[in-house]
Amino acid sequence: MNYNTQRENLPMPEYGRSVQEMIEHAMTLGDRQQRQRCAETIISIMGSMFPTLRDVPDFQGKLWDHLAYMSGYGLDIDYPVEITRLDTEKQKPEPVSYPKGGIRFRHYGRIVPALIAEACRMPEGPDRQQMVRLIAVQMKKDLLAWNKELADDGRVAQDIRLLSDGKIELSEDGLNLQVIQNPSPSQRQFQQRGRRNNKRRY
């Protein structure tokens, strides 16, 4: 018995081996008109396999692209559309460049230091003070997510001084950074379950 695992891999497995064999048969036909009629029949079969996609724009064009690809671009017929070579589209993309340089405090990431640098360039005034306070609140949120035991206003003031090279000084007295933490999904489910149980009691 000849198992599929022992056969060659299909270029497009979603169409199955029967369609692939039809295409290979069409390539053996010597008469061009016969090849053309055979190819059009195969396209009709391929389209009937995905009826929900008939309303997709350029659905027929994609089918002809797939037919040409599955034939290894060796099927000599008159294609009704311009064929897009799928093998060129699957070329390995260019590597994505990632930011270089170490992160001083990993729990703050790269955004917080960038915001602090922007705040240092701002002139003294209410806008800069508001900017610094928003940054400090975000830093405390990051500390709470990283290690709750270290999430205090003094630590935020110390870190913002270090990240700004001493250009921004925050007084711990009266800083009072209030952070509202949204409950996690599991905490929300627990809270909702508790409310439903309370309703049942009364």
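The protein's secondary structure amounts to eight helices and zero strands, where helices (H or I, at least four residues) and strands (E, at least two) are DSSP runs numbered from the N terminus. Read from that end, the order is simply α-α-α-α-α-α-α-α. This is a predicted model, with local features needing pLDDT of at least 70 and side-chain atom pairs counting only at pLDDT 80 or more, while totals for chains, interfaces and linings use all residues. Residues are numbered from 1 along each chain as its sequence is written, and side-chain values use heavy atoms, with hydrogens and water left out.

Among contacts (heavy atoms within 4.5 Å) with a separation of 6 or more, 48% join residues 24 or more positions apart.

Now for a pair of helices. Helix H2 (residues 32-48) packs on helix H3 (residues 59-70) at an angle of about 115°, and the axes lie 10 Å apart. Here the axes are lines fitted to C-alpha atoms over the stretch in contact, and angles run from 0 to 180 degrees between N-to-C directions. The crossing of H2 and H3 is right-handed, that is, the near helix is turned clockwise from the far one by less than a right angle. On the H2 side, the residues involved include Ile42, Ile43 and Met46, and those they meet in H3 include Phe59, Trp64 and Leu67. The contact of H2 with H3 is made up of nine nonpolar residues, three polar and one charged; Ala, Val, Leu, Ile, Met, Phe, Trp, Tyr, Cys and Pro count as nonpolar, Asp, Glu, Lys and Arg as charged, and the others, Gly among them, as polar.

Further along comes helix H5 (residues 111-121), with Val112, Ile116 and Ala119 as its buried residues. Seen down the axis of H5, these fall within an arc of 60°, so they line one face of the helix (the arc is that of the directions from the helix axis to the C-beta atoms). They pack against helix H6 (126-146) and helix H7 (153-163). Exposed Ile111 and Arg121 sit on the face of H5 turned away from the buried side.

His107 belongs to the loop between helix H4 (86-89) and H5. This histidine is buried, at 17% relative accessible area. Leaving aside neighbours within four places in sequence, His107 touches Asp142, Leu143, Trp146, Arg155 and Asp159.

Definitions and conventions. Buried means under 20% relative accessible area, exposed over 50%, partly exposed in between (1.4 Å probe, protein chains only).
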